Amino acid sequence: MSLTHLSARQQSQLLQERQLSARECLEAHLRQIERLNPKINALIYLDAEGAQQQALAIDERRASGELLSPLAGLPIAIKDMERVIGMPQTFGSPIFKDNITDSDSLMVERLRQHGCLILGKTNVPEFSMGSHTFNTVFGATRNPYDLSKSAGGSTGGGAAAVRAHMLPFCDGSDLGGSLRNPGNFNNLIGLRPSPGRVPIWPAGSHWNPLGVYGPIARSAEDCALLLYAQSGGDARNPISLWEDPRVFLANLSRDFKGVKVAYSLDMGGLPMQAEVKRVLAQGLHYLQDLGVELLEDCPDFSEADAAFAVLRAFFAAQTWGPSYRKHRDKMKDTAIWNIEKGLALSAQEVSDALLAQSRVYERMRVFMQDYAFFVGPVNQVLPFDIDTPYPRDIEGVPMHDYVEWMQSASRITTSLHPALSCPIGFSQTGLPVGLQIVGRYRDELGLLQFAHAIEQLTQLAQRRPELA
């Protein structure tokens with residue numbers, strides 16, 4: 001077995017026991033990147049020399065007897081929405097194609113402190129808007145299971161790199177599903193934490209709970225390992241959570257016999273591709289094998305879609321309005337549409353959406369008092385053709401804009417509850433289908449434990465793409 005086929009936890013153990021050097025670990029991943037990235041287009045910038053210098057420093061510190069983080073020596077590439085000193089931060093936009101940053105974001109600071117080897121940047125849709133990773137600067141990222149299909153987004157570059165074993169794990173962000181959707185499309189765990197679990201800085205608005213940061217990895221254990229480094233309070237982010245992140249280093253094994261779990265195969269009546277629904281229905285048998293008490297039930301999402309549409313547009317205008325005013329001619333059509341929608345909102349419309357979101361949260365909180373978890377689809381469709389900007393219809397039901405097809409994810413976003421994608425099966429054509437698991441507010445540990453139990457039973461995460 002190739003070194004890159006080992007889990008992040010296994011690689012970490014070898015590094016800590018000094019059976020593997022950080023330099024060797026890095027070189028193995030660089031070889032995998034050299035072999036596969038030209039086919040997949042997941043990484044859009046690589047600083048191999050800088051990463052090698054970081055690796056040598058880690059090896060010297062470990063050889064001196066210094067006790068290092070379990071992440072020390074593991075390579076990672078950063079989503080191209082984040083600041084990394086000396087690296088591009090293009091946001092996938094021609095407006096910023098020559099932008100080089102002179103500082104690190106808070107999250108990158110933390111990863112450096114833990115000894116992660118920052119080796120490059122991963123591809124994103126323009127402004128991270130949309131769940132299909134393509135832009136006019138770097139092109140599209142391809143799905144490792146089928147190079148003619150989308151890798152999802154907006155953390156599509158990172159997810160494809162992890163699934164192709166070019167990276168052991170990656171960071172990402174999630175507003176409408178940008179950690180869960182590419183996790184689903186690439187047979188990975190993509191975790192959207194509760195707001196504040198991973199502090200964000202710099203941030204245009206400190207009070208936006210819709211957009212969060214989190215991890216993507218090939219297993220729940222590896223997700224937990226990266227979340228350990230990402231999470232924890234910081235005064236630069238006033239909604240950050242100050243709980244001890246070391247809880248995510250604990251053993252994830254747990255008995256789920258008798259635990260009450262609600263499920264909905266269509267997330268409250270959404271249009272679903274028949275093949276996705278079929279695979280999900282089969283996957284529910286795995287949950288029954290764990291001994292959970294599985295009941296068909298669904299929260300009331302009646303106000304979620306309208307509230308999300310308004311708030312997404314509001315925050316799009318807030319974040320990208322200045323760029324729009326100067327460079328509208330360089331923006332993709334869907335970004336222009338969403339920003340203009342936000343700029344046209346009245347104070348009453350924003351106020352109504354915020355109040356509706358509060359009601360969605362409250363209904364979900366009450367619903368989750370009866371259940372430990374709520375499960376359903378991550379995506380309503382299978383990975384689609386690489387040249388399709390977004391699905392135009394689902395089983396004949398037209399999609400009116402570029403985000404409507406993601407409502408199975410955005411409804412959960414609006415509820416503010418943590419959720420993750422978990423591999424649950426494959427289509428008849430060999431494309432991944434994931435199960436979305438929603439937990440109680442701030443119960444990321446429970447989510448990871450449940451996903452870990454499912455993984456141990458199904459072994460689906462071990463199904464690598466043939467090219468990897």
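**Charges and burial**

Modeller: Start with D174, which is buried at a relative accessible area of 1%. Keep in mind that this is a predicted model.

Biologist: Which residue does the side chain of D174 meet in a salt bridge?

Modeller: Side chains of opposite charge can pair when their charged atoms come close. Here D174 meets R180, with 2.9 Å from N to O. R180 is also buried, at 0% relative accessibility.

Biologist: How many salt bridges does the structure hold?

Modeller: The count is 20. One of them joins D80 and K121, whose closest N and O atoms are 3.0 Å apart. That pair links distant parts of the chain, 41 residues apart: D80 lies in the loop between β2 (75-79) and α4 (106-113), and K121 in strand β3 (residues 117-122).

Biologist: Are D80 and K121 buried or exposed?

Modeller: D80 has a relative accessible area of 1% and is buried. K121 is buried too, at 0%. The cut-off for buried is under 20% relative accessible area.

Biologist: What does a pair look like when its residues are partly exposed?

Modeller: Take R61 and E66, which form a salt bridge with their closest N and O atoms 2.8 Å apart. R61 has 34% relative accessibility, so it counts as partly exposed. E66, at 35%, falls in the partly exposed class as well.

Biologist: Which residues are linked in a network of salt bridges?

Modeller: D300, E303, R359 and R363 form such a network.

Biologist: Where should I look for a buried charge that has no salt bridge?

Modeller: Look at E82, in the loop between β2 and α4. E82 is buried yet has no salt bridge, and R83, the nearest side chain of opposite charge, is 8.2 Å away. A salt bridge requires a nitrogen to oxygen distance within 4 Å.

Biologist: Which residues does E82 touch, leaving out those up to four places away in sequence?

Modeller: E82 touches Q89, S105, M107, K121, D171 and Y213. K121 is also the salt-bridge partner of D80.

Biologist: How do I read a buried residue such as Q357?

Modeller: Begin with its accessibility, then list what it touches. Q357 has 6% relative accessibility and therefore counts as buried. Its place is in helix α11 (residues 347-367). Beyond residues up to four places away in sequence, Q357 touches P209, L210, A307, L311, T414 and L416.

Biologist: Now the whole chain. How many helices and strands are there?

Modeller: The chain has 13 helices and 15 strands. Its radius of gyration is 21 Å, close to the 23 Å that the globule rule gives for 468 residues, so the chain is as compact as a globular protein of that length. Along the principal axes, the C-alpha atoms fill a box of roughly 60 × 55 × 45 Å.

Biologist: What share of the residues counts as buried, and what share of the contacts joins residues at least 24 apart?

Modeller: Of the 468 residues, 63% are buried. Taking contacts between residues at least 6 apart in sequence, 76% join residues at least 24 apart. The accessible surface comes to about 17,200 Å², and 49% of that belongs to carbon and sulfur atoms.

Biologist: How far apart are the mean positions of the positive and negative charges?

Modeller: For the 44 positive and 51 negative charges of the chain, the mean positions are 1 Å apart.

Terms used
Residues are numbered from 1 along each chain as its sequence is written. This is a predicted model: local features need pLDDT of at least 70, side-chain atom pairs count only at pLDDT 80 or more; totals for chains, interfaces and linings use all residues. Side-chain values use heavy atoms; hydrogens and water are left out. Helices (H or I, at least four residues) and strands (E, at least two) are DSSP runs, numbered from the N terminus. The radius of gyration is taken over C-alpha atoms; the globule rule is 2.2 Å times the number of residues to the power 0.38. Buried means under 20% relative accessible area, exposed over 50%, partly exposed in between (1.4 Å probe, protein chains only). Contact means heavy atoms within 4.5 Å. Accessible areas come from the Shrake-Rupley method with a 1.4 Å probe; for residues, only the protein chains shown count as cover. Lys and Arg count as positive and Asp and Glu as negative; His and the chain ends are not counted. The place of a charge is taken as NZ of Lys, CZ of Arg, CG of Asp or CD of Glu.
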